[in-house]
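Please read them with the sequence and the structure open.

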Amino acid sequence: MTDGVYVYAILRAGTALPKGLGGVGSPPARVRTIRQGPLDAVISDAPPELRARRRDLLAHQELLMRLTDEGPVLPMRFGMVAPDEETILHQLAAAGSRHAATLEQLAGRFEINVKALPAQNALAALVAEEKDVRRLRVAARRRPGYEASIRLGEAVTTALTRRAAAAGQRLLRDLTPRARAVAAGPAVPGCALNVSFLVDRGDSDTFLTRARDFADAHQEHLEVRLAGPLPCYSFVSSEARPAPVGGA
């Protein structure tokens, strides 16, 4: 059971809400705004039994993306619930100048997330370029066995991870000058790089093309996964977020 007020975003006061969109829940909750000075919070009643269902995740994301068409948005991650409207208004009043400055920073910009993982289909290149892997592979063929297979497997994994990490840092250095800000994401198992970039709306296609070109040119070292344009989740301070509930 979930009580309280679901919070989607903070906006400049007077920003229009997109028509025809509901919020999370089934049926979709009615979305509304509450105002404190120069800021609006986009909210709805929190649905009971809130969970990270695909339907609700998509509703949350679509609403935020539509809001970005109307002006800068401080997006909340899925599952942010405040006890009541008074709590949100108090928070807006206490942090109004900081939120206004962040909205100014995010105006006309998107987040693009870049993850880099070790290449999984590059064994031929790995054997050709890595002396130790090549030596252990020859040894395993001459004297096959459990220990030889373990040593070869560990060497392959280590080399793939090291090559991906190095290429990931080159990718980071290549993309950073093309962004307004960079935010490191949390560690993701298997990922050599997890970084979000704040990119001008007009530059997002060029940024994505550059990242794809780098991925194509270095596909024997890493696999690049791109997500975006996204609401600027990674560029909102934790102080702007009510406590999450509902299994998010």
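1. Thr 15 sits in the loop between S1 and S2; helices (H or I, at least four residues) and strands (E, at least two) are DSSP runs, numbered from the N terminus. At 13% relative accessibility, Thr 15 counts as buried; buried means under 20% relative accessible area, exposed over 50% and partly exposed in between, with a 1.4 Å probe and protein chains only. The side chain of Thr 15 comes to 2.7 Å from the backbone oxygen of Arg 12. A polar contact here is a pair of N or O atoms within 3.5 Å; within protein, one must be able to donate a hydrogen and the other to accept it, and residues adjacent in sequence count only if both atoms are side-chain atoms. With its neighbours within four places in sequence left aside, Thr 15 is in contact (heavy atoms within 4.5 Å) with Asp 40 and Glu 70.

2. A remark on the basis of these values. This is a predicted model, in which local features need pLDDT of at least 70 and side-chain atom pairs count only at pLDDT 80 or more, while totals for chains, interfaces and linings use all residues. Residues are numbered from 1 along each chain as its sequence is written, and side-chain values use heavy atoms, with hydrogens and water left out.

3. Strand S1 (residues 5-12) has seven of its eight residues buried, so it is largely enclosed by the rest of the structure. Tyr 6 has Ser 44 as its bridge partner in S3 and Val 81 in S5. For Ala 9, the bridge partner in S4 is Pro 75.

4. Helix H2 (residues 85-94) has Ile 88, Gln 91 and Leu 92 as its buried residues. Seen down the axis of H2, these fall within an arc of 100°, so they line one face of the helix; the arc is that of the directions from the helix axis to the C-beta atoms. Glu 86, His 90 and Ala 94 are exposed on the other side of H2. The packing partners of the buried residues of H2 are S1, S2 (32-36), S3, S5 and helix H3 (96-106). The N-terminal end of H2 is capped by Asp 84, with a side-chain oxygen 3.3 Å from the backbone nitrogen of Glu 86.

5. Rings of Phe, Tyr and Trp (its six-membered ring) pair if their centres lie within 6.5 Å; planes under 30 degrees apart count as stacked, over 60 as edge-to-face and the rest as tilted. By this rule there are three aromatic pairs. The ring centres of Tyr 6 and Tyr 8 are 4.6 Å apart and the planes are at 50°, so the pair is tilted. Both Tyr 6 and Tyr 8 are buried. Ring pairs join Tyr 6, Tyr 8 and Phe 78 into a cluster.

6. Phe 197 and Phe 207 also form a tilted aromatic pair, at 5.1 Å centre to centre and 55° between the planes. Phe 197 belongs to strand S8 (residues 193-200) and Phe 207 to helix H7 (residues 204-217), so the pair ties together parts that are 10 residues apart in sequence. Phe 197 is buried at a relative accessible area of 0%, and Phe 207 is buried at 2%.

Technical notes
Two strands pair if DSSP finds at least two bridges between them.
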